[in-house]
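Here is a briefing on a predicted model. Keep the sequence and the 3D view open while reading.

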Amino acid sequence: MNQATGVIFCLAYIVGLISTGVSWGRYGILAVGIAIAVAMPKLLLKYTRNSLKSTKKRRSRTKENIVVEPFEAREELSLLERLPRAKWVWAVAGLTAFLASFYLAVRSPQPTINDISKLIPVGGNTQEVAVTVRGRVVSTPRLTRSGRSQFWLDTDLVSEINGSEGGVVVNREVSGKLYVTVPLLQATGLYADNTIAVVGSLYKPQPPSNPGAFDFRAYLAREGAFAGLKGRQIDWKRENAIADVNRLNSKTAALWESSGMRPSQIQAMRQRIVRSQLSQLNVPEGPLISAIALGKQAVDLPYNIRDSFVQAGLAHAIAASGTQVSMVLGLVIALTRRFSKQLQFCFGVGALFLLVGLTGFEASICRAAVMGFGTLFALLLSREVKPLGLLLIAATILLLVNPLWIWDLGFQLSFLATLGLVVTAPPLMAMFDWMPPAIASIVVIPIAASVWVLPLLLYVFSVVSPYSILVNIIAAPLLWILSIGGMVSALAGLIFPLAGSVLVQVLEYPARWLIAIAQYFSQLPGNSVAVGQVSVFQLIALYGLICWVWLGGSSATDSVADVTDVSSATSTVRDLTDVTDRRRKQETRGKREVGRKKNQGKERGKKQKSRIFVLPSFSAAWILPLALMAGITIIVLPAWHVQASLFQVTLLATSDEPVLVIQDRGKVALINSGDENTVRFTVLPFLQQQGVNSVNFAIATHGHLGLSGGWGKLLDRLPIKTFYDSKDATQIHGGSDREFMTAVQSRQGVYFPLETNSTVNLGSTRLQLVNAEIPVVELLVGERTWLFVGDMTPEAQSMLSKRLAATGTVKRTQVLLWSGKPLTAELLGAVGPQVAIASADEIDPETAAQLRQSKTQIFWTGRDGALQWTPAAGFKTTLESEENQTSFL
């Protein structure tokens with residue numbers, strides 16, 4: 001089996017794993033494999049014959065006395081000429097892809113019969129399931145945004161179950177993995193491999209209830225967990241963990257033997273390094289240096305710093321990647337250059353194992369470690385390293401070990417970035433050959449990596465950071481200093497902590513400068529541009545363009561070379577027929593040239609026997625701008641068309657005040673924002689998915705909530721052109737609008753107070769504030785009237801009903817939006833809604849019965865998730881339920 005056949009089999013395996021992304025992909029890839037096995041050999045044979053004919057015709061037009069390099073002596077072959085023509089190769093490749101899809105299905109985690117998630121009632125977790133779970137900690141505790149500590153727990157026994165039937169079960173055997181969160185102080189001193197008991201309540205993760213929100217249930221499933229535990233307390237003592245534990249056998253007894261809550265050797269080494277780096281530096285400089293040296297899994301980096309790096313396009317700086325591996329291998333090879341190759345190989349492999357253990361078994365560091373091992377192995381055998389082939393082998397090996405990594409974003413980004421460095425960086429370095437190599441590499445590396453990861457980032461996050469390449473170029477010198485210095489101080493701290501503490505102080509100011517750069521660019525206007533939801537077809541088209549630029553340039557370059565050879569041959573013939581004196585000299589020179597070229601042909605023929613796969617050259621100059629224009633069109637044109645034609649009203653599923661988004665043919669109105677967490681995890685992801693880069697109208701119906709952190713967080717990320725704040729509500733709740741008014745105006749926005757009974761035109765939608773205290777808001781969406789009603793006592797509802805009936809302020813309502821709390825029959829009769837929507841997890845049963853009696857359709861966000869309404873399709877829910885999935889009102 002030659003190299004080309006091996007490449008085909010590796011690619012077939014990877015494509016087979018990717019095919020599981022769609023339900024019919026497994027059988028679709030089988031059908032494609034059969035078709036290719038039948039048709040590809042014939043097509044390749046036909047292509048080869050045509051290529052030979054065209055080559056002979058072209059060369060027959062040249063003069064006999066012009067020396068032409070024979071076809072067999074060509075050093076490089078086209079892409080199609082490298083492919084094998086045997087049918088069995090393509091048949092086996094198709095079978096490999098088909099079996100790969102089954103292999104992924106077999107390796108995908110599934111809850112077992114006694115999985116701990118089975119203890120939660122099928123209908124969900126409406127009743128608290130209080131438990132005491134015992135198991136082994138399998139990860140280092142991490143700090144969450146809410147200030148709690150999180151870790152993974154492999155469960156074995158559970159006790160004190162109550163909730164589903166009110167009973168109690170003691171010492172029940174279970175299995176499965178749990179996502180556990182506990183108060184921060186409870187997890188202090190907790191390490192991986194410790195055996196503990198956690199008291200708390202079980203819950204099942206729910207699917208995302210808002211468009212664009214994080215899918216927590218899918219994340220847990222990828223990690224092999226199907227339930228979570230909100231812990232209250234950790235029992236550290238073995239004898240008190242579960243009362244009267246009856247061990248079934250010696251194996252179970254050995255498993256539960258107390259570990260003394262001591263860290264493992266690798267964890268102790270990691271702690272030794274981190275403590276030496278943090279002892280002389282403050283937060284966040286100290287944690288940043290540790291994160292750059294060992295990855296973000298080794299230390300809890302503050303979330304505000306982490307967010308700044310992500311928004312600025314520097315997220316790779318705080319993740320363990322190939323940078324650490326290359327530095328460690330370079331250092332080991334440099335220190336052992338006087339030793340034998342066998343010793344260099346052993347020292348290098350040992351350093352790789354140590355680095356992977358210290359940084360954690362993440363996909364990116366495992367990829368770099370496998371490629372580093374391949375480099376060391378090639379050094380041992382004195383063989384040349386082919387980076388592209390090594391990258392493919394590393395991907396195949398890792399996906400054989402863990403096929404689930406094919407859908408891991410870190411794995412995908414790591415390999416795409418490395419692929420960009422392998423195939424795109426060399427031609428870009430040739431383009432920048434007029435610059436010093438050190439400076440050219442600073443410019444080229446961010447461009448080469450960004451080109452290949454950008455389509456995937458657009459597909460996953462729907463945003464692009466315009467400053468990311470510029471930021472990486474500016475920050476590159478600081479990153480190199482911090483990476484090298486961090487690794488040196490880590491090595492010194494591992495051997496002698498005081499030496500590591502002294503060395504790390506030199507890095508304090510570079511760390512401050514890097515943080516300042518990240519924060520500055522993350523706060524610039526337009527630091528992230530939303531492009532809307534990118535489809536799979538757009539993703540495939542973008543990568544097709546990138547591959548066209550990569551592969552298509554070789555054929556164009558060859559064609560140009562052929563034309564140049566023919567024209568130069570013609571001019572040579574003319575020169576030979578002009579002057580007789582010069583002809584003899586040319587013939588003598590030609591004979592020498594013949595001998596030289598024959599020798600070159602022999603040497604190239606020898607090289608050709610071992611050179612089967614050759615990296616295609618970079619594209620011709622005209623292909624690059626054409627592909628760039630096509631890529632921009634693929635992204636911008638669909639997003640512009642959707643924005644220009646879409647009219648949609650979305651009620652987001654929130655835990656506090658109702659949040660409404662109105663998209664009116666390019667103009668966006670946002671009614672209420674919620675708190676800061678609502679903006680971060682609900683509002684902003686939805687607006688990014690919809691391609692919204694500014695809010696035309698923002699209305700705060702609750703004056704005291706309008707001044708909360710939610711609007712401030714939104715204003716930091718998106719410009720608000722016009723902000724309406726309820727003036728009466730502000731006076732009622734005793735707030736001051738001066739600070740927020742200044743913030744809006746400083747960002748070139750306009751601030752208006754919203755008074756009772758005032759009307760605001762939001763494009764084709766009209767808003768009227770009926771009552772500021774409750775509040776009561778009327779929306780006229782086309783010919784349909786929407787009424788928002790806040791929390792009210794029965795007396796207030798009666799007064800409002802009479803007031804509405806007397807003044808006729810509110811028209812007959814088609815849609816009623818309320819908090820889910822009880823509504824009086826009098827108010828429901830005065831409003832008379834056709835559709836009632838509760839922005840709540842549950843609704844009052846009596847109110848629901850009255851609405852059903854009047855044949856009013858009912859939705860609530862706790863059951864249906866976010867609701868979206870369009871004139872053509874009516875209401876659509878985000879979550880599936882047994883009723884009310886759609887409404888054509």
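Leu 399 touches Tyr 13, Ile 14, Leu 17, Tyr 103, Trp 405, Ile 406 and Phe 411, leaving out residues up to four places away in sequence. Leu 399 is also among the residues with the most contacts inside the largest nonpolar core.

**Nonpolar cores**

- The largest nonpolar core has 82 residues.
- Leu 288, Phe 309, Leu 314, Leu 399, Trp 452 and Leu 514 have the most contacts inside this core.
- A second core is separate and has 29 residues. Val 649, Val 760, Leu 779 and Phe 788 are included in it.
- In soluble globular proteins, nonpolar side chains tend to be buried together.

**Around Val 370**

- Val 370 sits in helix α13, which covers residues 363-381.
- Beyond its neighbours within four places in sequence, Val 370 is in contact with Ala 394, Ile 397 and Leu 398.
- Val 370 and Ala 395 are 25 residues apart along the chain, and their C-alpha atoms are separated by 8.9 Å.

**Salt bridges**

- How many salt bridges does a search of the whole structure find? The search finds 11.
- Side chains of opposite charge can pair when their charged atoms come close.
- Asp 154 and Arg 136 form a salt bridge through their side chains, at 3.7 Å from N to O. This pair links distant parts of the chain, 18 residues apart. Asp 154 is in strand β3 (residues 148-162), and Arg 136 is in strand β1 (residues 129-137).
- Asp 154 has a relative accessible area of 30%, so Asp 154 counts as partly exposed. Arg 136 is partly exposed too, at 30% relative accessibility.
- Arg 145 forms a salt bridge with Asp 307, and their closest N and O atoms are 2.7 Å apart. Arg 145 lies in the loop between β2 (142-143) and β3, while Asp 307 lies in helix α10 (residues 303-312), so this pair ties together parts 162 residues apart in sequence.
- Arg 665 and Asp 664 meet through their side chains in a salt bridge of 3.0 Å, N to O. Arg 665 is partly exposed, with a relative accessible area of 49%. Asp 664 is buried, with a relative accessible area of 8%.

**The seven-stranded sheet**

- Seven strands form an open sheet with mixed pairing, in the order β16-β17-β18-β19-β20-β21-β22.
- Which strands stand at the edges? They are β16 (759-762) and β22 (857-860). Each has a single partner strand, so one side of each is left without a neighbour in the sheet.
- From one strand to the next, the twist averages 20°.
- Strands β18 (residues 776-781) and β19 (residues 784-789) pair in the antiparallel sense, over six bridges. Val 781 has Arg 784, in β19, as its bridge partner.
- Helix α31 (residues 845-853) lies across β20 (815-818), β21 (835-838) and β22. The helix runs at about 145° to β22.

Notes: Residues are numbered from 1 along each chain as its sequence is written. This is a predicted model: local features need pLDDT of at least 70, side-chain atom pairs count only at pLDDT 80 or more; totals for chains, interfaces and linings use all residues. Side-chain values use heavy atoms; hydrogens and water are left out. A nonpolar core is a set of buried Ala, Val, Leu, Ile, Met, Phe, Trp, Tyr and Cys residues joined through side-chain atoms within 4.5 Å. Buried means under 20% relative accessible area, exposed over 50%, partly exposed in between (1.4 Å probe, protein chains only). Contact means heavy atoms within 4.5 Å. A salt bridge is a side-chain nitrogen of Lys or Arg within 4 Å of a carboxyl oxygen of Asp or Glu. Helices (H or I, at least four residues) and strands (E, at least two) are DSSP runs, numbered from the N terminus. Two strands pair if DSSP finds at least two bridges between them. Axes are lines fitted to C-alpha atoms, for helices over the stretch in contact, and angles run from 0 to 180 degrees between N-to-C directions.
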